[in-house]
Every structure is written in structure tokens, then in C-alpha cells.
Amino acid sequence: MQESKIVVANNPYYDGVRRLALIGLLAAMGIILHFIESLLPAIAPVPGAKLGLANIITLMAIVVLGIKGGGQVLFLRVFLGSLMAGTFLTLPFYLSLAGGILAFISMSITLFWAKEKFSLVGVSILGALSHNIGQLLAVAVIIGNLGVFYYLPYLALLAIPTGLLVGMGARYSLNALPGIRRIT
Amino acid sequence: MGISFSKWWKGIRKGDKIVVGFVLIFALAGAIYPFVWEWLGGDPGDLQVVINPVGAERQKIPLAGIPEEGKNLIVPGPIGDHLVEILPDGVRVIAPEDDPLKICEKTGWIRRPGATIVCVPNQLAIWLEGSDDSGLDGISE
């Protein structure tokens, strides 16, 4: 994949500030994408199915900032996003958190330990799938009933096109940003 | 700099294809399994609807006993009352006003054993199961 590599400076202060700015920017964009997605009507016939736009940001964050920075972006996004939406420590918050964490773990593992086998598309399909599983697990725990897993095959089927779109979104965004260094 | 959206598949790697393949196989198998099971002669028995508010007692209603014009039930929960509409061949719910996403209502009619309606904010699960418990509905126990 072609990238413009601009090695800026070895100044540790510069790197720290740059990193901080990136974390803040990515978290803010994640919150906005999540909000935009909540405005879209649900078109899929499966209950709870959605596009997962915010996953573009989680994926980019892991690629650009690594596992630690990606985790920081994820937690900032979920915590700040739910505080702003007024859902902090309520059910949508726990669902976001459960799905987000599982997607984050699976995407980190594939990006860092199997990166030559997968492109961002495969990684994001796995992320979408684990996001579904995390949310269904959270619902199952809250409701005390595994019945919601009835919908997993349909959600998994939808994870292919949505994961593909998200992976493409992350790839084109990363390619369009000059001077961004990938660590994976 | 320009971005070309053509030939987007150029970056696809082997692992991607394997993931898509596995997910497709799993998803299609899971989606058609109940139909194949029935086609092979599996019989879930008479359907019954199970209404299970979290922390309260389960209510089981056989669909066979439901009159043609249906039967409505009010199920109270933390954020309001759910209206459960039961017909001889399916069940759906109408969510209370305060339900933010109304995912349970958008689920629509459920008609097959194992199909589930869940309302997370109102802590309510409703599903269909056969009277013969050996079948598909092991998942909901």
C-alpha cells in the first residue's frame, strides 16, 4: 500500500503532542460518527443491526496509535459519547462498551499478530462480528436469557457488507491523510 | 492527491477471503438450519409463547388456545407497559412510549420456534418454543 512517509522529528515533545492531538481528534470523530449513525433509520430487517461507522475510528486508531492508543480512543469515545448523549451507566452505554471492547480485542489481535494475512477489510469484518457477539452477550446477561443469539447468523451475514464498508472507509481515510505513520 | 476507488479489491488478502468464507458458511448454515430440520421431519410440537420479564415469573401460553381474533396482554416493566399481541400463528409487541429505540417493536411478528423478542430497557424477553423441548429451543433455556 502506497503511503507518504513524512518523518517529522525525533523531538519527544513533538511526538507526545502529536499523539495527544491524534487521540483527541479520533475520539471526537468517533463520537460524531456514532451520533450520525443514531440518526440513520434502521433499514436491516434484523433487530439491532447497524452499520458500525464508529468502528472506522477504532480501526484507524489501532493502526495509527497502536494497542494502547487505540484503547484510549475507544474508552474516550464510549465514555464521552455516552456522557454527551446522557446515557452514561445506562443500557446503551454497557452495550456500546461490550461491543466496542470485543471488537477492539479481535482487531488488535489480527492487526498485530496476523497482519500479513489480513487487509483492513478482513480485520474490520472480524471486528463487526465480535461487536455483534459482544452486544448479544451483554443483552443475554442483562435479560438472563441466551435467546437473542437466535439472531447471530443474520447479524453475521450483515457483518460482511458492513465490515467491508468500514474497512474500506478506514483504508481510504488512512491513505488520504498525508504524514500519518502506520505502526502496523 | 487522488484516491482511486476502482480496483478496491486489489488490497484483499488471503485471510480476508477465509474470514468471509467462514462467516458465510456459519451464517447461512445457522439461518437455514431450522428450515432443514423441519424439512427432515423435525417437529417442534405445538408452539407456545414464553413471556419472561427479568426477575419475574415466566408465563407460558400455548398458541393453540388463542382465538382467531387474537389476544392482547399488558406486561409491565421498569419503563412502562408492553402490549403483547398474540395470534394463533405469531406474536409481536408494541413498545411503551419511553422506549428509546423500540427495537422490540421493530422486530415485528415472530412465528418460528426459537425466535425471540427482547426489550433491553424494559427488561423483557419473549420467545416461541415448541412443547417438545428436545428440539430447537434448547438455546432459550
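A:G134 counts as buried because it has 22 C-beta neighbours inside 10 Å, where buried means that 20 or more other C-beta atoms lie within 10 Å of the residue's own, exposed means 12 or fewer, and partly exposed lies in between, with C-beta atoms placed from the backbone. This is a predicted model, in which local features need pLDDT of at least 70 and side-chain atom pairs count only at pLDDT 80 or more, while totals for chains, interfaces and linings use all residues. Residues are numbered from 1 along each chain as its sequence is written, and chains are lettered from A, with ligands numbered from 1, in the order in which they are written.

A:G134 belongs to helix α4 of chain A, residues 120-143; helices (H or I, at least four residues) and strands (E, at least two) are DSSP runs, numbered from the N terminus. Apart from neighbours within four places in sequence, A:G134 is in contact with A:A98, A:G99, A:I101, A:L102 and A:A103, contact meaning that two C-beta atoms, placed from the backbone, lie within 7 Å. The C-alpha atom of A:V64, a residue 70 places away along the chain, is separated from that of A:G134 by 24 Å.

Helix α3 of chain A, residues 91-113, has 23 residues and reaches 33 Å from its first C-alpha to its last, close to the expected 33 Å, a span calculated as 1.5 Å times one less than the number of residues. Among the buried residues of α3(A) are A:A98, A:G99, A:L102 and A:A103, and the cover over the buried residues of this helix includes α2 (54-85) and α4 of chain A.

Chain A also meets chain B: 36 residues of chain A are in contact with 32 residues of chain B. On the side of chain A that touches chain B, α5(A) gives the most, with 12 residues. The table sorts that side by class, counting Ala, Val, Leu, Ile, Met, Phe, Trp, Tyr, Cys and Pro as nonpolar, Asp, Glu, Lys and Arg as charged, and the others, Gly among them, as polar.

| Class, side of chain A touching chain B | Number |
|---|---|
| nonpolar | 27 residues |
| polar | 7 residues |

Strand β1 (residues 47-53) of chain B is joined to the antiparallel β2(B) by 4 bridges, and B:V50 stands opposite B:K60 in β2(B).

Methods:
Pairing = 2+ DSSP bridges.
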